Amino acid sequence: MSGAREKKRAKKMRNQPASVTLPAEPGPFPGGGSRGTPYPGPRQNDIANYGDVHSEQQYQQQKFSNQSSGPTYRKEQYFQKGQNRGERGRGRGGWQGGCQNVSEEMPKYITVSTFAQARAAEINAMLKAVAQKSSNSLVFQTLPRHMRRRAMSHNIKRLPRRLQEMARKEAEKAVHQKKEQSKTKCRKARRRHINLVAEFNRRQRKNIWLETHIWHAKRFHMVKKWGYCLGDSPTEKSYRACYRAMTKHCLLQDLSYYCCLEVTGKENELLKQLARICSNDTGLTFEEASCLSGRFEGSLNLYQADRYPEDMLGPVTFIWKPRDGSENRQLWIWVHPALKQDILRELKAIFQCSEPEEIYIPEPVTTSMQEEKQIDVALSLGKKRKKEDKEGEKAVPVKKIIGDGTRDPFQSYSWISQATGIVISDRTMEILRYRLIGPLSHSVLTETLKAASLQTEMADSETELNNWWVENCKDSEKVSLHQRQTAVFELLEGLSSPSEMPPGTILGLTVGDPRVNLPKKKTKAMPDFEKYQDYDKVRQLYLEGVPVECAHSFIWDQDICKNVTENKISEQDLNHMRAQLLVPGSHLDLGPCESKIPILLVQQPGKMAGEDRPGWGSGWDIYLPKGWGMAFWIPFIYRGVRVGGLQEALKHSEYQRTPHTPNDFPDCQAGMQFAKELETSLLEKFKRRPPAKRANYVKLGTLSPFVCPWEQLTKNWEERMKASGEFIPSSSPHPEHCATEGHSLCDPKAEVVKEGSSETGEVEETMEIASSEGVLKTEDVTGTQDFGERGETMTRSDFIVLRSEKLRMQLSAWCYPTAGKDRRIRLISRLGQKEMTEDVFLPILMSYPRALVWVNLSLLRKGNPELHAMICIPTEDDLLHLSKDKLFCGPQEPKHRDIFKEKVQKLKEEKKKKKKDNMKALESDSPSVPDKETTEVHEDLILGLWSDALPDVTSHCSRTLLGYVTRGDFSLAVGYGEAQGFVSLTGLVCMLHNQPADKKGLVLLRTPASFQYRFARLSIEV
């Protein structure tokens, strides 16, 4: 038999029972036996052997011997030529002879139990072999190729009749195995408008969709953050293009996810309570006269009531509604969604607004049951697609969710104070907000938007379209105000940049439908140089700003906003009107049917701090009623703007050198939560890489590569100041003890052991950390937790961030060199700041022992700062080397010893040993109980990470640690690496006090995965 036939026969016999093939009997035919036993099946010896105890083992051995070395059997060996089928088995040596042989040699007795048990095993094996298919082929695939038809796969009647029943069973089995398909199977049904809207409403129940979500989802990487689904970054390569748009043209962002909290009440009561959650020390307050009039937008930092400078809530912007003669004032507070709950809770507490004024009941949206019924009716066979309810009337169409569709219907969104009558309303997603960034953003505005035309008669008496506008146009004062606002808006095109306007300028306006003014194809908005001829008016505009009365807008009225949203002309109707134009592509004049939309324009000043690039990143914010998002978005796109996401917003604040919310606010709850989530994601990414392909941060001397231990940093600097005694006054309780410590405030405590390098002959330094277990520990480590537990108990920070403008200006003046090439003596005298003496800075350190300062860092040479890079203090040798060699990049950190390597290896060996023990226990059917205590102790051990409580972070490396970088990258704005971060106030003052006059503000930067330090210039911009 050939090899192929042997394989084929083995495949057929693989499911046969093990005891069918028996030892050969003596006979004339090959393999033994007589003519009466053509098949070597069980016979008399068989039956005798079944009574034996060891019969089963014998059968297995016999089967193996017959299959491996036994002869092959053919039909001719059993039947002679010419013998037909009817004669087979009925001849001399046929069936009768076989039976006679069996009867003659039948044993006298057998063991029934053993015999029945063996037969039962054979019967079960036979039934299993019969029921189990030998291949995965379907019924129609078993037919010869000339009988197969393509229709057999789905039409059972195409099969032969003898196979149709089997094919029907196979089809029923396949249907049960398949998952239940959606009721809208075909794409045509899914893309119907009613089903599409119902699906979109279902998908945005957990995360709110902005009105521009579908536009973004086709072009952006989407992320789910803060309860929203937001565009993170474009899918196309546009990093440099977005920067060029911010610098030379215009970048568009959708900021509708920002939350608007509206506070209404008497002005005195509002200001009295709002003064408790802010401070004059940080800058503007709610009482600022220019902001209180409603002419300018203000920004400030909120704290818990009467808790400044502790318990930070977060940054906000606010707008007062211009006075209209009534007692009550209206205030909008715009907050980041990560800060909303904390700030709303504090506002309700200070105004004592505990009772809800009304319950928010959204517009009826078709429920899931109704949607299913409508879909069933639509897809029912033999019926039209027209959906009808039980009464036969048309079904209620599914409405698109507009605004905050995830809000609970029974959750209050407005609270009132019974004592003062102050009302707090949550207008999140009721007002849309777009941001235009760039020098030509005002050109985009003036080309896209056109002031609304006056209207004194209703277009249709049956509808309420523009009824509010008709009533206001009948008032001559409001008409005059609208004309003045239009004149100011048209003058904006004569400005070269929005930064020429006063910071935070507010302009109210009523515009027509921007969809009417769409160009035929995309164009790039450019400034109109004819407007520069009105130089006197333009100059008066950016000197005096927008008048107070021009800041009024109808967007403050909720009834008007609701009217505008509900009476919007649909895209379908608008396209139908365009199709009826005599000249295709000509201007569509809607006349009195054109919608009138109240908007609010707010100028964004851009970069204001520092001396370089003033006004960079300036632009305009535009506030719209809900429902009009895409109606304004597409016209902006057609004016050549580039759209940015969350990453572009991060770069915008980075190039402005301003803190970004919530990343750069470590002292508020949202900042702590962000740091915790970032640490978790970075740690998971680190664990996914194999140990040989990831950095060993213990050897690099990086204690915390994934999170910045601010509490530990400020605490260690406070302990260093107390231990050194350098700044402790003579009234200190233990001056002698402090003086005999022998440690300088800016010198590390770690020992440095120098070893000769075998290759270069240079001196190689290895950091040795001295302690009982090889770990440098402080006496009190309550401020730190294990690596896996850090951040879980951060409910309240033990440090603060210095935001006092007066102190920041003083520190900013001290950071500049007062001698040498880069001296800035004139800056100190110009700002009226004091010289750096102990009498000046000692009270600051006593008042703020655990404080952080926001700083900017600019690299002197090459280098690219990264997230969580360490800011360190250079030694005297480093500064001396830099003064001798201007090309000196910086020193290198000596290699540290990994004190956890042995523990990790021991843990691996224990795991291998436990695995082997478990395998042995499974074989012996005695499972072992794992030791929970040892697994919990070594659970946090990760090769390359510091797994114990953090030691003194300031003196762990060869250079004293000053702070950490929160954002850093190569800056396209300046052409070299820049970074922003926080440093300890105590460490900063210590460094500036000890540095020479011509080296003030020089620090060292080291990324977490590198030994190389690089020089950078530290500055504080105010």
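Which residues in α12 meet which residues in α14? I opened the notebook with that contact. The model I am reading is predicted.

**Entry 1: α12 against α14**

I listed the α12 side first. Glu 269, Leu 270, Gln 273 and Leu 274 are the residues there. They meet Leu 347, Ile 350 and Phe 351 in α14. By class, I read five nonpolar residues, one polar and one charged in this contact.

Next I looked up the geometry. Two packed helices are described by the angle between their axes and by the distance between those axes. Helix α12 covers residues 267-274, and helix α14 covers residues 340-351. Their axes are 10 Å apart, and the packing angle is about 120°. The two helices α12 and α14 are therefore oblique to each other. I also noted the hand: α12 and α14 make a right-handed crossing.

**Entry 2: the chain as a whole**

I stepped back to the totals. The chain has 34 helices and 26 strands. It has 1022 residues, and 46% of them count as buried. I then checked contacts between residues at least 6 apart in sequence. Of these, 76% join residues at least 24 apart.

**Entry 3: cysteines**

How many disulfides does the count give? The count comes to zero. I looked at Cys 872 in detail. The closest cysteine sulfur to its own is in Cys 957, at 6.5 Å. A disulfide needs the two sulfur atoms within 2.5 Å, so the Cys 872 and Cys 957 sulfurs are too far from each other for a bond.

Is Cys 872 buried or exposed? Cys 872 is buried, at a relative accessible area of 2%. I looked up Cys 242 as well. Cys 242 counts as buried, with 2% relative accessibility.

**Entry 4: helix α23**

Helix α23 runs over residues 646-656.

Lys 651 made me check the accessibility. Its value is 16%. Buried means under 20%, so Lys 651 counts as buried. What does Lys 651 touch, leaving out residues up to four places away in sequence? Lys 651 touches Tyr 239 and Asp 969.

Gln 656 counts as buried too, at 10% relative accessibility. I listed its contacts, again leaving out residues up to four places away in sequence. Gln 656 touches Gly 606, Lys 607, Trp 616 and Gly 617. I took one of these further. Gln 656 and Lys 607 are 49 residues apart along the chain. Their C-alpha atoms are separated by 5.1 Å.

**Entry 5: Leu 683 in α24**

Helix α24 spans residues 669-688, and Leu 683 lies in it. Leu 683 has a relative accessible area of 14% and is buried.

**Entry 6: helix α34**

How many of the ten residues of α34 are buried? I found eight, and the helix, residues 985-994, is mostly covered. I wrote down the buried ones by name. They are Leu 985, Thr 986, Gly 987, Leu 988, Val 989, Cys 990, Met 991 and Leu 992.

Note on methods: Residues numbered from 1 in each chain as written. Predicted model: local features only at pLDDT ≥ 70, side-chain atom pairs only at ≥ 80, totals over all residues. Heavy atoms only, no water. Buried < 20%, exposed > 50% of the residue type's maximum accessible area, 1.4 Å probe, protein only. Axes fitted to C-alpha atoms, helices over the stretch in contact; angles between N-to-C directions. Helix = DSSP H or I, 4+ residues; strand = E, 2+ residues; numbered from the N terminus. Parallel < 35°, antiparallel > 145°, perpendicular 65-115°, else oblique. Left-handed = near helix turned anticlockwise from the far one by under 90°. Contact = heavy atoms within 4.5 Å. Nonpolar A, V, L, I, M, F, W, Y, C, P; charged D, E, K, R; others polar.
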